[in-house]
Amino acid sequence: MRRTILLLLASACTLATASAAPVQQGPANRPDQVPAFAGQTRADEVRSGVAFKVETIASGLEYPWGLDFLPDGRAIVTEKPGRMRIIAANGTLLPPIVGVPKVSYQGQGGLLDVLVIPGSNPLRICYTYASVRGTNGDTGTTARCATGNPAAGNNLKLSYGRTVWQQNPSYGGSHNHFGGRIVLAPDGKLFITNGERSDVPIRERAQDLAYGMGKIVRVNQDGSAPTDNPFYRGSNSLTSKIWSYGHRNPQGAAINPTTGQLWTIEHGPRGGDELNAPKAGKNYGWPVITYGEDYNGSPINGDITQQAGMEQPVYYWDPVIAPSGIAWYTGDLFPRWQGNLFISDLGQQSITRLEISGERVTGEERFAMGHRIRDVAQAPDGSIWALTDEANGLVLRISPQ
């Protein structure tokens, strides 16, 4: 039975109000850094006054990471150790789906995101993971698309898997910053986010178009490069698949349903989480420019936050929220939230709601969840689902009170 675990906010009829106090609490890590434009950080709190309940749909998942929905409305969830599972209508977890390849489950690596291609027949399921390369411990972000075939017990099995992206070269250092989100664009292309693998000096490759680190790539569903990509040099060229570069660890991506524009969110250094709307061929700066500081408190590259030829984030957080998944809300269950961007927060154990006009954040609201939230998604019925980043991970459903 679904169990209500949390009730937040006041009456649903309360009018939205804005206060002068920012949502973020505590001092900034780099208080001397000046935003590039007004409203780029510490937006005013906007209280929507929407009453909702949070129910536990399923439990017992081991570090769930990605979430999507099948054509029949059931949810499909990934677990970092390398399992993909369907949640039945009554909340039961079905046995792991057969056909998922071996993943590199260590550090921040493992089985990551999952994407169900809508309208596909036979059913197409794409997913990302940290893959083992060779025998010396090298790893890299990989994306595959496979056919989801019916299996016993109303389950699925994956077959005819095809690799559509590999982050090259592979790397054998820290098992951090894989990125790993995969989304479908309105034109049928796939966007895949890639972290820069964290270490110094490897993170410098985020600026080099010959490497897959620190890039957002755009590929056809067969893995080839679209000819209208900004650095196209041939269908199988790594550089041809790059959409934007200079990213640190973008773990969230979603398509704005109104404009069709890609939006991403990435873990920055201490005091430098970013929200971006990446454009074709643009350089988003890391590690040449950034807000925030290194984890040891030292400035990064002389504390430079702006430079000609490098893009500014739409918004940044200092102190950070440690963001992961993002989702635009378009449902009818919460009319007050339509057009808002929802963010799963690991560090703040919350879900953040942003009000956005064009490419500017105009207000921020944060809902305490009491768990590290790894992903957030809108369900077919307009409810909001979330995954907790825990050894006994939960699937939560947010619906009107």
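Which side chain of opposite charge is nearest to lysine 241, and how far away is it? Hold that thought for a second, and keep in mind that we're looking at a predicted model.

You'll find it in the loop between strand 14 (215–219) and strand 15 (242–245). The nearest side chain of opposite charge is aspartate 222, and that's 7.9 Å away. Lysine 241 is buried, yet it has no salt bridge. What does its side chain reach, then? The backbone oxygen of glycine 223, at 3.0 Å. Leaving aside neighbours within four places in sequence, lysine 241 also has contacts with a list of residues, including Trp165, Arg218, Ser224 and Asn236.

Next up, the disulfide. The count here is one. Cysteine 126 is joined to cysteine 145, with 2.1 Å from S to S. Cysteine 126 sits in strand 9 (residues 124–133) and cysteine 145 in strand 10 (residues 138–151), so to speak two distant parts of the chain, 19 residues apart. Both cysteine 126 and cysteine 145 are buried. And if you like geometry, the link is right-handed, with 105° about the S-S bond.

The largest has 19 residues, and Leu70, Ile76, Met84, Ile125 and Leu158 have the most contacts inside it. Strands 7, 8, 9 and 11 each supply at least two residues of that core. Take methionine 84: beyond its neighbours within four places in sequence, its contacts include Ile76, Pro96, Ile125, Tyr127 and Leu158. There's also a second, separate core of 18 residues, and among them are Val50, Val54, Phe342 and Ile398.

Key. Residues numbered from 1 in each chain as written. Predicted model: local features only at pLDDT ≥ 70, side-chain atom pairs only at ≥ 80, totals over all residues. Heavy atoms only, no water. Disulfide = S-S within 2.5 Å. Helix = DSSP H or I, 4+ residues; strand = E, 2+ residues; numbered from the N terminus. Buried < 20%, exposed > 50% of the residue type's maximum accessible area, 1.4 Å probe, protein only. Lys, Arg positive; Asp, Glu negative; His and termini not counted. Salt bridge = Lys/Arg side-chain N within 4 Å of Asp/Glu carboxyl O. Polar contact = N/O pair within 3.5 Å; in protein donor to acceptor, adjacent residues only side chain to side chain. Contact = heavy atoms within 4.5 Å. Core = buried A, V, L, I, M, F, W, Y, C linked by side-chain atoms within 4.5 Å.
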